[in-house]
Amino acid sequence: MPDLPHLPAPALPSSHELVLKVIPMPADSNANGDIFGGWVMAQVDLAGSVLPARYIQGRMATVAVNEFIFKQPVRVGDILSFFATVTRIGRTSITVEVEVYAERFSDQGQYLKVTEARLTYVAIDADGRPRPVPVPVPVPT
């Protein structure tokens, strides 16, 4: 097997877990060739739900987008990496921070932070009413 060129270590968040990778396609873009902000928001919501799902162990709903910042445009062909960390666990809710980094199609191995967000999810019962987050909380490995 041939040796691959050594790529520089990316400056990615060490306290966050990689929860999703995705490549936006032309159908996800606007007339300027940038990816729709709403598409990015939907992906962030999916990524943000991964860690709370481990704790909530059942149905949950997004109850708040506390903060959402677009730092750079996302382009067709970017490889997006979504990193998340739990920042708060309440009685019925969990707040998560999500950071999104892009590897540009033509500059892979270089990471650029394109979006950051903070979302809150609530555990819900079969009737859609808030329920307590189970205790004890499992520790991710």
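This is a predicted model: local features need pLDDT of at least 70, side-chain atom pairs count only at pLDDT 80 or more; totals for chains, interfaces and linings use all residues.
View 1. Residues are numbered from 1 along each chain as its sequence is written, and side-chain values use heavy atoms, with hydrogens and water left out. Of the 141 residues of the protein chain, 38% count as buried (buried: under 20% relative accessible area; exposed: over 50%; partly exposed: in between; 1.4 Å probe, protein chains only).

View 2. The protein chain has 1 helix and 5 strands, which run β-α-β-β-β-β from the N terminus on. Helices (H or I, at least four residues) and strands (E, at least two) are DSSP runs, numbered from the N terminus. The 5 strands form an open sheet in the order S1-S3-S4-S5-S2, with antiparallel pairing; two strands pair if DSSP finds at least two bridges between them. Strand S1 (17–22) and strand S2 (60–70) stand at the edges with a single partner strand each, so one side of each is left without a neighbour in the sheet.

**View 3. Strands S3 and S4 with helix H1.** Strand S3 (residues 79–89) and strand S4 (residues 93–103) pair in the antiparallel sense over 10 bridges. Phe83 stands opposite Glu99 in S4. Helix H1 (residues 37–56) packs on the sheet and touches S1, S2, S3, S4 and strand S5 (112–123); contact means heavy atoms within 4.5 Å. The direction of H1 makes about 50 degrees with that of S5 (axes are lines fitted to C-alpha atoms, for helices over the stretch in contact, and angles run from 0 to 180 degrees between N-to-C directions).

**View 4. Aromatic pairs.** A search of the whole structure finds 2 aromatic pairs. Rings of Phe, Tyr and Trp (its six-membered ring) pair if their centres lie within 6.5 Å; planes under 30 degrees apart count as stacked, over 60 as edge-to-face and the rest as tilted. The rings of Phe68 and Phe70 have centres 5.0 Å apart and planes at 45 degrees, so this pair is tilted. Phe70 is partly exposed, with a relative accessible area of 43%. Phe83 and Tyr101 form an edge-to-face pair, 5.9 Å centre to centre with 85 degrees between the planes. Phe83 lies in strand S3 and Tyr101 in strand S4, so the pair ties together parts that are 18 residues apart in sequence. Phe83 counts as buried at 8% relative accessibility, and Tyr101 counts as buried at 8%.
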